[in-house]
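The sequence and the model come next.

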There are 2 protein chains.
Amino acid sequence: MRLLIYRYMAGRDAAMALSDIENAFTKVDRTTLYRTLKTFEEKGVVHQIEDGTGISKYALCEPGCNCSIEQDLHLHFHCSNCGETVCLTEHKIPQINLPEGYLAEDVNLVVTGLCEKCST
Amino acid sequence: MRLLIYRYMAGRDAAMALSDIENAFTKVDRTTLYRTLKTFEEKGVVHQIEDGTGISKYALCEPGCNCSIEQDLHLHFHCSNCGETVCLTEHKIPQINLPEGYLAEDVNLVVTGLCEKCST
DNA sequence: CTTAAAAATGCACTTCCATTGCATTGCTCA
DNA sequence: TGAGCAATGCAATGGAAGTGCATTTTTAAG
């Protein structure tokens with residue numbers, strides 16, 4: 001089952017909500033998905049994305065995606081037209097300067113707008 | 001009532017969830033808050049913040065906060081210890097380069113970590 | 001000042017998603 | 001083979017966003 005989920009995610013290039021995967025498999029339970037994705041996340045197989053819609057999305061980590069390492073984070077793009085969220089893995093987040101006393105652990109950068117397909 | 005809400009928000013320096021304000025006033029209804037904040041947001045009085053917790057936060061716009069203008073967005077800091085989210089208004093978001101065909105409308109940058117108070 | 005219209009507020013309800021408890025199934029290894 | 005653990009499924013819970021409708025308050029016109 002986990003293999004099926006993994007393969008499904010590998011075949012898609014946009015980030016998926018839990019319900020997206022749920023609809024793709026009629027025979028799998030939401031709880032299984034939820035826990036599978038949680039396990040995947042802990043093992044560094046997927047990373048969770050908050051794109052501002054309030055719905056958690058998940059995407060497979062690319063070979064070079066060291067999402068556990070703070071300085072190697074990529075940005076995410078959310079299309080306001082088609083609703084898809086994609087990882088722009090080649091676009092790294094620039095170094096952020098914080099005020100004195102602040103300690104960064106994680107950086108999340110989401111750009112909203114029109115994607116490749118919807119901007120034309 | 002809207003004045004009371006405004007004054008309450010002006011007296012706090014961290015972003016507030018709807019439930020935070022609800023707890024501060026025993027006599028106001030959630031719906032009123034919800035719609036008041038929505039109105040405030042439309043009028044440019046407050047801006048909504050998604051700090052990754054999945055709960056929408058709201059903060060008053062500072063005098064120089066032109067949050068409707070794309071290039072003048074500031075970043076937000078979410079403390080993983082105390083849970084507070086603050087606006088770092090003096091820290092502007094750097095220009096982001098997007099791939100060909102992508103059109104940016106909005107940028108959201110949230111840094112998670114330890115805040116001033118919790119890092120010591 | 002009176003009254004009608006518009007705006008603001010409150011109550012109840014719905015929906016959606018995340019999360020958890022518990023029972024059941026399936027797998028692994030001694 | 002059989003005990004133990006991991007994985008799965010079902011059902012229920014909880015929190016937050018959002019909406020329809022009735023009521024109160026404010027505004028403005030006459």
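Which residue of strand 6 of chain A does Phe77(A) stand opposite? Phe77(A) faces Val111(A) there.

This is a predicted model, in which local features need pLDDT of at least 70, side-chain atom pairs count only at pLDDT 80 or more, and totals for chains, interfaces and linings use all residues. Residues are numbered from 1 along each chain as its sequence is written, chains are lettered from A and ligands numbered from 1 in the order in which they are written, and side-chain values use heavy atoms, with hydrogens and water left out.

**The sheet across both chains**

Six strands make up an open sheet of mixed pairing, in the order 5(A)-4(A)-6(A)-6(B)-4(B)-5(B). Strands here are DSSP runs of E with at least two residues, helices are runs of H or I with at least four, and both are numbered from the N terminus. Two strands pair if DSSP finds at least two bridges between them. Strand 5 of chain A and strand 5 of chain B are the edge strands, each pairing on one side only. On average, neighbouring strands are turned by 30 degrees against each other, direction ignored.

| Strands | Bridges | Sense |
|---|---|---|
| strand 6 of chain A, strand 6 of chain B | eleven bridges | antiparallel |
| strand 4 of chain A, strand 6 of chain A | four bridges | parallel |
| strand 4 of chain A, strand 5 of chain A | five bridges | antiparallel |

Within chain A, Leu75(A) stands opposite Leu88(A) of strand 5. The hairpin of strand 4 and strand 5 of chain A has five residues between the strands, and Gly83(A) in this hairpin takes a positive phi near 80 degrees.

**The core**

Six of the six residues in strand 4 of chain A are buried, that is, under 20% relative accessible area with a 1.4 Å probe and protein chains only. A nonpolar core is a set of buried Ala, Val, Leu, Ile, Met, Phe, Trp, Tyr and Cys residues joined through side-chain atoms within 4.5 Å. The largest such core has 31 residues, and Leu75, Phe77 and Leu109 of chain A and of chain B touch the most other members. Strands 4 (74-79), 5 (85-92) and 6 (103-114) of both chains each supply at least two residues of this core.

Contact means heavy atoms within 4.5 Å. Leaving out residues up to four places away in sequence, Phe77(A) touches residues of both chains, including Leu88(A), Val111(A), Leu98(B), Tyr102(B) and Leu103(B).

**The sheet of chain B**

A second open sheet, antiparallel, has three strands of chain B in the order 1-3-2. Strand 1 (16-17) and strand 2 (46-50) of chain B are at its edges with a single partner strand each, so one side of each has no neighbour in the sheet. Five bridges link strand 2 with strand 3 (residues 56-60) of chain B, and Ile49(B) has Lys57(B) as its bridge partner.

**Two helices of chain A**

Helix 1 (residues 2-10) and helix 3 (residues 30-42) of chain A pack at about 75 degrees, with axes 11 Å apart; axes are lines fitted to C-alpha atoms, for helices over the stretch in contact, and angles run from 0 to 180 degrees between N-to-C directions. The two helices of chain A, helix 1 and helix 3, are therefore roughly perpendicular, a term for 65 to 115 degrees. Residues in the contact include Ile5(A) and Tyr6(A) of helix 1 and Leu37(A) and Phe40(A) of helix 3.

Definitions and conventions. Buried means under 20% relative accessible area, exposed over 50%, partly exposed in between (1.4 Å probe, protein chains only). Angles under 35 degrees count as roughly parallel, over 145 as roughly antiparallel, 65 to 115 as roughly perpendicular and the rest as oblique.
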